[in-house]
Amino acid sequence: MTKLLIGSHVGMKARKFLLGSVEEALSYNATTFMFYTGAPQNTRRKPVSELRVDEAKALMKEYGIDLNNIVVHAPYIINLGNTVKKETYELAVSFLKEEIRRVEEIGATRLVLHPGAHVKAGEEAGLNAIIDGLNEVLTPDTRVTIALETMAGKGTELGTSFDQLAYIIDHVNLSDQLGLCLDTCHLNDAGYDVTQFDDILDEVDQKIGLDRVKVIHVNDSKNPRGAHKDRHENIGYGTIGFDTLNKIVHNPRLENVPKILETPYINDQPPYKEEIEMFENNTFNDHLKQDLS
């Protein structure tokens with residue numbers, strides 16, 4: 001039986017850097033993981049040569065974690081959709097180029113990106129700016145797939161529907177280098193019925209192509225469907241519920257897609273080992289929050 005491809009967001013801190021990220025993932029019994037190459041809120045970055053990448057790769061190989069299945073998340077401050085402030089857009093393009101280079105140097109192949117927000121300039125202007133930005137950063141030699149994340153729709157976020165995401169992908173010159181990251185909380189908050197996930201996958205297949213799904217972010221939601229708020233909840237404690245999320249994690253159409261938990265810490269404790277165990281055992285731990293208190 002194929003081992004479940006599941007993990008979580010992990011840290012990358014001095015002095016162990018990526019080696020520490022792998023050790024953290026292994027402590028959760030994860031088979032994949034997601035990390036940022038630096039703080040997601042700023043542009044400060046350590047050279048990749050200092051991130052202990054070779055040691056991390058050796059440990060991954062020892063425990064059977066495939067480098068092609070790990071996920072890097074682009075920083076939040078990248079907003080390709082901003083046509084209001086030229087300097088913000090230019091920073092987004094230059095910083096995304098640098099992130100792609102860093103991911104390639106590490107050897108990973110999946111980079112999750114929030115598409116952007118139009119900052120009240122309107123949907124059309126924002127979408128076209130995202131297209132222009134992706135056309136600037138992608139080259140025929142790019143070895144990384146940018147997985148555009150489905151967004152909840154708070155503020156002026158774009159990428160809240162598969163029509164918007166299809167529009168971006170269809171108009172980017174090197175569209176073969178683009179994929180999707182489906183976030184269960186974001187889909188719920190955007191208005192999709194995640195209890196009918198196969199219907200969602202059918203829509204993705206029809207409008208974009210199911211083969212483009214490169215990452216699943218597995219999160220419960222604090223909000224009712226369509227709230228457009230994006231507030232993650234621990235597995236089984238939100239409005240989506242364990243049974244629905246468990247079916248998504250075990251959906252055979254997504255077997256080879258990395259599933260990444262981004263649920264909140266409980267009393268400053270990561271819940272990921274216990275949440276991964278829930279999915280592996282197909283059983284909800286209704287004492288999780290008490291256990292980590």
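In which segment does L4 lie? The structure examined here is a predicted model, in which local features need pLDDT of at least 70 and side-chain atom pairs count only at pLDDT 80 or more, while totals for chains, interfaces and linings use all residues. Residues are numbered from 1 along each chain as its sequence is written, and side-chain values use heavy atoms, with hydrogens and water left out.

L4 is found in the segment before β1 (6–9); strands are DSSP runs of E with at least two residues, helices are runs of H or I with at least four residues, and both are numbered from the N terminus. With a relative accessible area of 16%, L4 is buried (buried means under 20% relative accessible area, exposed over 50%, and partly exposed in between, with a 1.4 Å probe and protein chains only). When residues up to four places away in sequence are not counted, L4 touches T31, V249, H250, F279 and E280, contact being defined as heavy atoms within 4.5 Å. L4 and T31 are 27 residues apart in sequence, and their C-alpha atoms are 7.3 Å apart in space.

Strand β1 belongs to a barrel that eight strands close in the order β1-β2-β3-β4-β6-β8-β9-β12, with parallel pairing. Two strands are said to pair if DSSP finds at least two bridges between them. Neighbouring strands of this sheet are turned by 30° against each other on average, direction ignored; the axes are lines fitted to C-alpha atoms. In general, strands of a sheet pair through backbone hydrogen bonds, either parallel or antiparallel.

Strand β1 has two partners described here. Three bridges join β1 to β2 in parallel, and G7 stands opposite T32 in β2. Strand β12 (residues 259–261) also pairs with β1 in the parallel sense, over three bridges, and I6 stands opposite K259 in β12. Strand β2 (residues 32–35) in turn pairs in the parallel sense with β3 (residues 71–73) over two bridges, where the bridge partner of F35 is V72 in β3.

The cysteines were examined for disulfides, a disulfide being a pair of cysteine sulfur atoms within 2.5 Å. The count comes to zero disulfides. C181 counts as buried at 0% relative accessibility, and C185 is buried with a relative accessible area of 0%.

Methods:
Axes fitted to C-alpha atoms, helices over the stretch in contact; angles between N-to-C directions.
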